[in-house]
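Dear colleague,

I am passing on the structure we spoke about, and my notes on it follow directly below. Please read them with the model open beside you.

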Amino acid sequence: MKYQSQKVAYAYFLVAMALFAVQVLGGLIAGWIYVSPNFLSELLPFNVVRMLHTNALVVWLLLGFFGAAYYLLPEESEREIYSEKLAYLQLIILVIGTLGAVLTYVFNPFPGNYLLGMQGREFIEQPTWVKLGILVAALIFLFNVSMTVLAGRKTAITNVLLTGLWLLSLLWIFAFINPDNLSLDKMYWWFVIHLWVEATWELVMASILAFLLLKLTGVDREIVEKWLYVIVSTALFSGILGTGHHFYWIGLPGYWQWIGSIFSTLEVIPFFLMMSFAFVMVWKGRRNHPNKAALLWSLGASTVAFFGAGVWGFLHTLHGVNFYSHGTQITAAHGHLAFYGAYVATNLAVMSYAIPHLRGRDPYNQVLNMASFWLMTGGMAFMTFVLTFAGTIQTHMQRVLGENFMEVQEGLSLFYMMRFGSGLAVVIGALLFIYSMMVPRRELLIKGTDAPSQTSVAGE
């Protein structure tokens, strides 16, 4: 570990991995409810399980991004983080807010209360006090990282990362805007949801991958930075107006059907460039880096993101197709593979690289780590295919033939059973990843010594 303040990132990664476990277990429970609809129906209804699953996903990904920023900014800026105390205060606020949101979702003690009660907007159901806490934490974070960068070296990686993080935080303001007009409400809602995951988060993902590939491949910084700026420009160009594919059927003007279709098609480009970037950097570097697991996750993230966010997004983004497929299991197939490839895998890649540095030794078994990659990726790929077939059948039976919704769901029961099986593989892989990162290898314990120094496993 080059800079002592980088240890802040370790605390963020620990909380993120704990929430990661909660998120995948929540998804497994939700998957079983599709198979057996009355499971936990009174104790923990499906809508609550789904809220826990999706909210835990968003929060742990954000914690992973924050941890990655606190890890890579000192190395890029060549100086310590501006304030470690502020970084820990930010984490405490986020943990308290997370616990408050969970208690509200499960027990809902203040129904209808604007400040303390659960809100009704998907993904941002948090009580207003939690939203305010998140805003305060975001402002603390922005101040801390901005002061770090301004006082140190400026690079393309820090510039892109800060741009993504600033835009991400500022867009959160729309979570507080909830107009009575339903069309406006949904439009502002998509400003948070879409412009996060299909614009600002892409910038964060690209900068983290650029940092990892710079360290893992040894390619010249100039080459990495040129690729990074091209990827960022295409991501923003396509992602902002690509929001229009969510405006098709919510009461906004019809021209959004054309704008959304055209620019959503272009959203494939930045993900293709990221995948190409990753493989070209590895090919150019030809460096036999000892941290094979971090490299596998980096290449896997860019590849699966291209298919999940790019290809599967394109499958149903044209308004003529979306008219029939909107809200079916095709949407679920796209969402699962896109989130896993673009953001889950990116966070796990930076954890695989950074945690050996942060612990000062080799704390994980790379074979188990890589096994977890193939378990999770294989499970998620199978889940995507299953949901794609289920969604295609659902679209035809429900939207074309006009059959009853519940009858169609009954007809998809076999697909839901297969989806549960693939989800089980993902959960096992996730738990295996956490185990591989946190439990030292047995032979090291037997020897009674630490692993080789950080440079031998995850160093440059």
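At 24% relative accessibility, Arg221 counts as partly exposed, where buried means under 20% relative accessible area, exposed means over 50%, and partly exposed lies in between (1.4 Å probe, protein chains only). This is a predicted model, in which local features need pLDDT of at least 70 and side-chain atom pairs count only at pLDDT 80 or more, while totals for chains, interfaces and linings use all residues. Residues are numbered from 1 along each chain as its sequence is written, and side-chain values use heavy atoms, with hydrogens and water left out.

The side chain of Arg221 meets that of Glu76 in a salt bridge at 2.8 Å, N to O, the term standing for a side-chain nitrogen of Lys or Arg within 4 Å of a carboxyl oxygen of Asp or Glu. Since Arg221 lies in helix 7 (residues 221–241) and Glu76 in helix 2 (residues 46–77), the pair ties together parts that are 145 residues apart in sequence; helices here are DSSP runs (H or I, at least four residues), numbered from the N terminus. Glu76, at 1% relative accessibility, counts as buried, and a network of salt bridges links Glu76, Arg221 and Glu225.

Another salt bridge joins the side chains of Asp185 and Arg121 (2.9 Å, N to O). Asp185 belongs to helix 6 (residues 182–217) and Arg121 to the loop between helix 3 and helix 4, so this pair ties together parts that are 64 residues apart in sequence. Both Asp185 and Arg121 are buried.

How values were computed: Helix = DSSP H or I, 4+ residues; strand = E, 2+ residues; numbered from the N terminus.
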